[in-house]
Amino acid sequence: ATAGDTEYRAISVKNTNATDTLYDAYIWISLETVSADSIIAIGYDSTGTQSVGNESTAPSGITFSTPLTKATGISLGDMAAGVAKRIWVRRTITAGAVKLADNGTMITEGGTY
């Protein structure tokens, strides 16, 4: 926190329904961190294949944003049964950030079956 830091993680969002397509899927940040010194942003890896050498290396070609509602969320399109999509999460801690014991966030995915 003293020096600040930016880290990246990849997560997968999967339609675990055995038969139904999830139509018009979106992902968004439904709960922001409580700290003004901590910023979470997400981006969709449409190729689903990108990897990075370490957590400090940004994935190339990913556009990050901070959508806070489904209406402003990132479209994942339709997701057939069993299909997974890759999402990148960027966490930025500003230099001089104040230490907090509980500074979580929540990322939500939704659509229509």
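**Entry 1: D45 and its surroundings**

I began with the contacts of D45 (contact meaning heavy atoms within 4.5 Å) and found that, not counting residues up to four places away in sequence, D45 touches Q50, I62, R86 and W88. I note that this is a predicted model, in which local features need pLDDT of at least 70 and side-chain atom pairs count only at pLDDT 80 or more, while totals for chains, interfaces and linings use all residues. Residues are numbered from 1 along each chain as its sequence is written, and side-chain values use heavy atoms, with hydrogens and water left out.

I placed D45 in strand β3, residues 38-45, where strands (E, at least two residues) and helices (H or I, at least four) are DSSP runs numbered from the N terminus. D45 is buried yet has no salt bridge, and R86, the nearest side chain of opposite charge, is 4.3 Å away. For the record, buried means under 20% relative accessible area, exposed over 50%, and partly exposed in between, with a 1.4 Å probe and protein chains only. A salt bridge requires a side-chain nitrogen of Lys or Arg within 4 Å of a carboxyl oxygen of Asp or Glu; as to charge, Lys and Arg count as positive and Asp and Glu as negative, with His and the chain ends not counted. I also looked up the backbone nitrogen of Q50, which lies 3.1 Å from a polar atom of the D45 side chain.

**Entry 2: S38, in the strand that also holds D45**

I then turned to S38, which is likewise placed in strand β3 and is buried, with a relative accessible area of 8%. Its side chain is joined to that of N103 by a polar contact of 3.3 Å; such a contact is a pair of N or O atoms within 3.5 Å, where within protein one must be able to donate a hydrogen and the other to accept it, and residues adjacent in sequence count only if both atoms are side-chain atoms. Leaving aside neighbours within four places in sequence, S38 is in contact with T33, T92, I93 and N103.

**Entry 3: the salt-bridge network**

How many salt bridges does the structure hold? I counted three, and E7, R9, E55 and R91 are linked in a network of them. The side chains of R9 and E7 meet at 3.6 Å, N to O; R9 counts as partly exposed at 41% relative accessibility, whereas E7 is buried at 11%. E7 also bridges to R91, with the closest N and O atoms 2.8 Å apart. Since E7 lies in strand β1 and R91 in strand β5, this pair ties together parts that are 84 residues apart in sequence. The remaining bridge runs from E55 to R9, the closest N and O atoms being 3.1 Å apart. E55 is in the loop between β3 and β4 and R9 in strand β1, so this pair ties together parts that are 46 residues apart in sequence.

**Entry 4: nonpolar cores and the aromatic pair**

I next looked up the nonpolar cores, each a set of buried Ala, Val, Leu, Ile, Met, Phe, Trp, Tyr and Cys residues joined through side-chain atoms within 4.5 Å. The largest has twelve residues, among them V13, L22, I42, I74 and V89. The elements giving two or more residues to this core are β2 (22-31), β3, β4 (74-79) and β5 (84-93), and β2 gives the most, with four. A second, separate core of five residues includes Y8, I62, F64 and W88.

I found one aromatic pair, taking rings of Phe, Tyr and Trp (its six-membered ring) as paired if their centres lie within 6.5 Å, with planes under 30 degrees apart counted as stacked, over 60 as edge-to-face and the rest as tilted. Y8 and F64 form this pair, which is tilted, at 5.8 Å centre to centre and 50° between the planes. It links distant parts of the chain, Y8 being in strand β1 (residues 5-14) and F64 in the loop between β3 and β4, 56 residues apart. Both Y8 and F64 are buried.

**Entry 5: D24, K70 and the whole chain**

I noted that D24, in strand β2, has a positive phi of about 55° although it is not a glycine. D24 is also one of the contacts of K70, a residue in the loop between β3 and β4. The C-alpha atoms of K70 and Y26, 44 residues apart along the chain, are separated by 6.4 Å.

Last, I checked the protein as a whole, which has zero helices and six strands. Buried residues make up 29% of its 113 residues.
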